[in-house]
Amino acid sequence: MSTDTAWDTFQAALRGALIQTGDPDYEPARRLYNGMIDKHPRLIVRCGNVADVIRAVHFAREQGLPLAVRCGGHSGAGLGSCDDGMVIDLSMLRGIRIDPAMRTARVEGGCTWGEVDHVTHAFGLATVSGIISTTGVGGLTLGGGHGHLSRQYGLTIDNLLEADLVLADGRFVTVSETQHPELFWAIRGGGGNFGVVTSFLFQLHPVSQVNAGPTLWELEHAGAVLRWYRNFITVAPESLNGFFAFLSVPPGPPFPEHLHNKQMCGIVWCHTGPEEEADRLLAAAVHEPAEPALHGVQPMPYPLLQGAFDDLYRPGLHWYWRGDFVTELSDAAIERHVEFAAVPTPLSTMHLYPVDGAVHRVGRKDTAFSYREAKWSEVIVGVDPDPANRDRIIRWTRNYWEALHPFSVGGAYVNFIMDDEGQERVRATYRDNYVRLARIKAEYDPDNLFRINHNIPPAG
């Protein structure tokens, strides 16, 4: 079959859309969440169903096309696209089905977490799902997934019961603890190395109203707040989560005008218990480290908290980030943090996400996600809408990371790794789980078709 005939046959068989260079909707379709990254795929397959995914995988393999998979598109490293290849775009696969009796959600691969939260909240349920609701379900889950509920309910992958995948040879399989258990082990933290996940089955938990919001302090108190925070959060009840941040206060509601654009430090809290219990627990935050400039914790629906940062971090901003896992916030580490506390642009930030509690009750070899002993997942993020500030945010992020990396345990949350960090960084993230992942990769994707990711080449 000629190349032209093969392309025509492929296009005719699709129920979704095939978008190619020169098509009217090519430019908006190829744009990435991270405006710093500019890629030009040869074709974008906006799959209408699982059959389209299967056809697309076969076609990419037969034509020797580089293949990228795009779910929500939030990859900081731009791994949801490629140059001169094919993008499998799952954004049309948006179905969600709740089983309230079993407390599960069947979620298709193109969904965002905001869509999931909207549906699960109607049943008074939720699962672990990051902190920005426009994030795609697929990318966050396959990297491990941590968020406001992690101390109480673990990582997103700890709540994954099964998944449907299209493999590199076009086979469709369901994986779970009892079906293809090695592959199920690998996708829980191993990223997009093993296939296209077309649906996930998640365990849900009774979460509806939460007590949430920020406590903000003047930047001069950052050292005292961090020293208090490291001792407080690790012994707090698991129903309380709080991530520490350096930030510039957004110039709008709900923040008072006198704090707008002010550089500060803060903790964003989420508590799933009664309001009076949250007040009792957080009384220490108001009185012990230093007098806060703002204590904005209040009852709210969980989806409201999940979407709180969406308007700030819209698609098209320029991003550069670095991450690490941390087991100890020593006085020396805190001193280095304070040195970099002044963020270079209004949207730049540093977050320390607690990943203890329920996360620690899963063994480091029970899933591909290795750093189960870490207490925090740290991310340093330079963000700005203006491409002229690219070098500035990269320089701040790298310098900050290089100053703090010696205080880390060596690896990072895979979703916080940029594409310029090298293969050794990927190996450090998986540690001794890497060999097992490479062996599974050799079994399910021996030719490394799924390589546009933080790649784990097949063993041998």
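Author: A search of the whole structure finds three cavities of 30 Å³ or more. This is a predicted model, in which local features need pLDDT of at least 70 and side-chain atom pairs count only at pLDDT 80 or more, while totals for chains, interfaces and linings use all residues. Residues are numbered from 1 along each chain as its sequence is written, and side-chain values use heavy atoms, with hydrogens and water left out.

Reader: What makes a space a cavity, and which residues line the largest cavity?

Author: On a 1 Å grid over the protein atoms alone, a cavity is a set of points where a 1.4 Å probe fits but cannot get out, and lining residues have an atom within 4 Å of a point. The largest cavity has a volume of about 50 Å³, a volume being the space filled by probe spheres set on the points, which are joined across faces, edges and corners. Its lining includes Gly143, Phe325, Tyr371 and Tyr430.

Reader: How do you know the class make-up of that lining?

Author: Ala, Val, Leu, Ile, Met, Phe, Trp, Tyr, Cys and Pro count as nonpolar, Asp, Glu, Lys and Arg as charged, and the others, Gly among them, as polar. On that count the lining of the largest cavity has eight nonpolar, four polar and no charged residues.

Reader: Why is the other space called a pocket?

Author: A pocket is an open set of points with protein on both sides within 12 Å along at least five of seven lines. The second largest pocket has a volume of about 240 Å³ and is lined by 15 residues, of which Arg70, Gly72, His74, Thr134 and Pro315 lie nearest its centre. By class, this lining has four nonpolar, seven polar and four charged residues.

Reader: What makes strand 1 and strand 3 edge strands?

Author: Strands (E, at least two residues) and helices (H or I, at least four) are DSSP runs numbered from the N terminus, and two strands pair if DSSP finds at least two bridges between them. Four strands form an open sheet in the order 1-2-4-3, with mixed pairing. Strand 1 (17–20) and strand 3 (67–70) each have a single partner strand, so one side of each is left without a neighbour in the sheet.

Reader: Why is helix 13 described as roughly perpendicular to helix 14?

Author: Helix 13 (residues 423–430) and helix 14 (residues 433–444) pack at an angle of about 105 degrees, with their axes 7 Å apart. Axes are lines fitted to C-alpha atoms, for helices over the stretch in contact, and angles run from 0 to 180 degrees between N-to-C directions. Angles under 35 degrees count as roughly parallel, over 145 as roughly antiparallel, 65 to 115 as roughly perpendicular and the rest as oblique, and the value for this pair therefore makes helix 13 roughly perpendicular to helix 14. Contact means heavy atoms within 4.5 Å, and among the residues making it are Val426 and Tyr430 of helix 13 and Tyr434 and Leu437 of helix 14.
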